Amino acid sequence: MAAKATTPRVWSVNGVTRANAHLVSRDSEDRPVYGGTPSDFAVVQAIQEMKARGLRVTFYPFILMDVPPGNSLPNPYSDNAAQAGQPVFPWRGRVTCSPAAGFAGTVDKTATAATQVSSFFGSATPANFSVSGESVSWIGPSGDWGLRRMILHYAHLCAAAGGVDAFLIGSEMRGLTTIRSGASSYPVVQAFRDLAASVRSILGAGTKISYAADWSEYFGHQLGDGSGDVFFHLDPLWADANTDFVAIDNYMPLSDWRDGFEHADAQAGWPAIHDRAYLQANIAGGEGYDWFYASEADRSSQVRTPISDGAVGKPWVFRYKDLRAWWSEPHFNRPGGVESGTPTAWVPQSKPVWFTELGCPAIDRGTNQPNVFFDPKSSESFTPYFSRGWRDDAIQRAYLEATYLWWGDAANNPVSTVYGGRMVHVPECAAWTWDARPYPFFPALEGVWTDGPNWRLGHWLTGRLGAVSLAALVRHLCLRAGLPAHRIDVTGLWGAVEGYVIGALESPRASITTLARHFGFDAVETGGVIRFVMRGRATVAEIGADDLVAAPDPRAEGLELTRAQETELPQALKWQLARADEDYDAAQVEAQRITVSASRIVSEAFPMAVAPEEAERRCRRALMEAWIGRETASFRLPPSRLALDPADVIRLIHEGRSLDFRLLSTADAEARGIEAIRQDRAAYDLPPGDPRPASLARPLVLTAPDVAFLDLPQLTEDQPAHRPFLAAHARPWPGELAVFRSPGSDGFDLLTTVPARARMGVLAFDLWPGPVSRFDLGNALTLDLFTGSLESVTDLALLGGANALVIEASPGVWEIVQAGTVELIAPGRYRLTRLLRGQRGTEGAMGNPAPAGARVVVLDSTLAPLPIALADLGLPWTWRVGPATRPPSDETYVAQAFTPAGLGLRPFAPVHVEQPWRRARAPGDLTIRWTRRSRALEADAWEQVEVPLGEELEGYEVEIRDGATIKRVLPSSATSALYSAAQQSADWGAPLGPGDAIAIRIFQLSARLGRGATASITLQF
């Protein structure tokens, strides 16, 4: 935002202040479409805090493309590159030369491309920055906003913070790194090499440096334009001495799952897309390794083209998933399709691989295309191939578990003969993305964060990764039951448990049974191992009548099919659970069948936390299981079918019908007795329920309040005249503020509390002096009010004290103003006219002018009187004001020095000083006359002939002045003073006569404070 007050530090990035920074684009509701750039000091603090906690820090400067709708930017991906209008909010990998390669008039492979690259990177050097402590300032050319300036600035910041473990000089700039300035020259690659060297000079040898390549970019540039060109274009960067590791943002597809069960992978026998073995088979296999889709039509029909390399026999060159071969083999460029006789600079096995990003969106079939994201505002918004757009947290977890476990297996991750470590350095592989914003407030508070709705289907781990794996939980319960680890197999489970309460003494078996009911899985003993498998698996065998063993009793049937009555089945199923995203409040989901005669409603409670939409899916699955499972079968099989176990699914052929049954139990004797239940595989692939937004209150993030100490004339009879007021404002309001004071810097004592927020604001424009004792009709007071409102009042109400406020014309000096007419001219901005100025004797506090930005406080009951004693006046107290729920040492307290002067006891300035020229007189004695004012509140009564004295004794002093020099002080006990002819002669050389003038000041005296407010006037003779 353009205007925001931050204390005690102010926002600044790379020498750019808030006033001069580029504002992020805003959406149709005037909300920023991206989060802003963090201030430099915040970056330094974050690095230092993480290192203090013993964490390794990789610094990853990130570029976001702020290209809003309706832009007039030339589109490089067009045969008419001058045509205005680029795709909105694109991926940074789209940045390229203009026109782009493959489009009419492209500058690719020309010197112009190198010129454009040079302009993009700029010419910043490490010496263009001034570093003072933790502050980094730009001292280079003012017009250089290139990528080098950004990256080197952050390198200096990292150094100022004490260094980082790793630093990335860029990421996913695929459209840039593939630009050529000649047939085989890549200027961006060289620019990144130069940038790495500059960063090295700043951060030194202790920081590992690299460029985070996109997974589709790291291994080479294969044009596919008919030229046959194949270049390992990033090899000069990977081989550079200043590049310490090969960094890959890894979003390679791990599945090719479709609707139904007739597609290729289901037909190959894989049980489900979540199956770990299936996903791991595609880490170094499947699409991008064994085969590819030559067109979208081929993808739709699953026409897979094997990846081969003809006579050269190096298919790994074209396999982006064949990381092992790429890492361990020498690389040979192929200009024109002909392999060069000299390898590139890459030395096999020379550097480890880090997955600087690794992730999958939490969306149905996210592993089909992990690199895409759903964000309606962006031109890059997509759902994965063949996704139905459902939320699926389980597929995200399955992807991460499969990937980390696969690369953690030594058989899949070879050791380098060069540096002695593993090919993929798993400890530095970073799952994308963990958000620092607090869950569940993000994503629930969409009014605070506009990207909140994207969380449901996005890559965010926040609110998901904290859950425990279902497999891990079941394994833990089995271990608690005393089962040895080698007899537990949970590889057939997937999903996660966000929270699970065991609230009473129960066996681990009972806990597992509850989980099995909720998630839909079975446990079976086979080969001495307890195996847990999810339901909904494919059939493993087909059983016909000829496969059955006849019953021992010839009168009995070889196959018994039983169908339960509808009245025994539930018409509706209700589940009670907790919501992890809503402070574990109770939630209920329901599934029901409409066109059935059953009327039973079954209610179940599960002691676990789950998202309501996922709970509704599982509840619907359980109801369908009950109805599908109304059909059971009993039959006998020969010993040749010993391989079948409970939980296996078979296809039973009976009287021309083909039915799927899940085995419930087996009993071995002379034949194998089977009990089975009907299964419909589609019941385990249901959509989730409708999303239910979490009902969360906006978190109360307390900040230090704005505090104003007001030493004012007495405002009400019920408040002692000597006591000042305190006005405080904070957003959000903490409920109550505590006011502490101390005579020093410690030992603070609680004095009072502030129960309500004051109406405070600032002047929007200068306010000039105006007349007193009558309406000021020439000035308008324009005020920005932080909270609350103002309204017009009648003159009668105004004269009764309504609409009073104070303006701080200079620090600690407040003028009381009243306004009769109030006009709201913008949100929170008021224009006040028909003013009464200098009320309650504050005419001397008028500013000339009171400047724009001066504080304004409305005088009402929200002001807190400070209960100080008369003895406290004049003492320089130190005050601390902050939330009453926090200690005075908390950072939410504001510290301020304030010395109460007791201005409520100060006499007002005298008025109506009589001018000598108004009376005929000869030079000689001069009687100076005036009218007394009273600070007493009852002095405003109209019926009084004489205002009350208001002081213990009546006394005055009159200063006779000559500029800054005081010639004489005349004491008086009445409202006049004699300036004798002798005194005039002594002061001026002769008695004052016509044409002369003198400046005087008149003070009424207070027994407590001495002189009151001054009346300054020039007497004319």
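Student: Which residues in H2 meet which residues in H5?

Tutor: Ala-114, Val-117 and Phe-121 of H2 meet Pro-187, Val-188, Ala-191, Phe-192 and Leu-195 of H5. Contact here means heavy atoms within 4.5 Å. Helices (H or I, at least four residues) and strands (E, at least two) are DSSP runs, numbered from the N terminus. This is a predicted model, in which local features need pLDDT of at least 70 and side-chain atom pairs count only at pLDDT 80 or more, while totals for chains, interfaces and linings use all residues. Residues are numbered from 1 along each chain as its sequence is written, and side-chain values use heavy atoms, with hydrogens and water left out.

Student: How is the geometry of such a helix pair described?

Tutor: Two packed helices are described by the angle between their axes and the distance between the axes. The axes are lines fitted to C-alpha atoms, for helices over the stretch in contact, and angles run from 0 to 180 degrees between N-to-C directions. For helix H2 (residues 111-121) and helix H5 (residues 187-203), the axes come within 10 Å and cross at roughly 30°. H2 is therefore roughly parallel to H5. The classes are roughly parallel under 35 degrees, roughly antiparallel over 145, roughly perpendicular from 65 to 115, and oblique for the rest. H2 passes H5 in a right-handed crossing; a crossing is right-handed if the near helix is turned clockwise from the far one by less than a right angle, and left-handed if anticlockwise.

Student: At what angle do the axes of H1 and H3 cross?

Tutor: Helix H1 (residues 40-52) and helix H3 (residues 147-160) cross at roughly 50°, and their axes come within 9 Å. That angle makes H1 oblique to H3. The crossing of H1 and H3 is right-handed. The residues that meet are Asp-40, Val-43, Val-44, Ile-47 and Gln-48 in H1 and His-153, Tyr-154, Leu-157, Cys-158 and Ala-160 in H3.

Student: Let us turn to the rings. How many aromatic pairs does the structure hold?

Tutor: The structure holds 34 aromatic pairs. Rings of Phe, Tyr and Trp (its six-membered ring) pair if their centres lie within 6.5 Å; planes under 30 degrees apart count as stacked, over 60 as edge-to-face and the rest as tilted. Phe-232 lies in the loop between strand S9 (230-231) and helix H6 (235-238), and Trp-316 in the loop between strand S12 (305-306) and helix H10 (323-328), so the pair ties together parts that are 84 residues apart in sequence.

Student: Is Phe-232 buried or exposed?

Tutor: Phe-232 counts as buried, at 4% relative accessibility, and Trp-316 is buried as well, at 9%. Buried means under 20% relative accessible area, exposed over 50%, and partly exposed in between (1.4 Å probe, protein chains only).

Student: Which residues form one aromatic cluster?

Tutor: Trp-215, Tyr-218, Phe-219, Tyr-320, Trp-326 and Trp-346 form one aromatic cluster.

Student: Over the face of which residue does Arg-388 lie?

Tutor: Arg-388 lies over the face of Trp-390, 3.9 Å from the ring centre. A charge sits over a ring if NZ of Lys or CZ of Arg is within 6 Å of the ring centre and within 35 degrees of the ring normal. Lys-967 places its charged end over the ring of Trp-988, at 5.4 Å from the centre.

Student: Where is Asn-14 placed?

Tutor: Asn-14 is in the loop between strand S1 (12-13) and strand S2 (16-17). Although Asn-14 is not a glycine, it has a positive phi of about 55°. Asn-14 is buried, with a relative accessible area of 8%. Asp-30, also not a glycine, has a positive phi of about 65° and is in the loop between S2 and H1.
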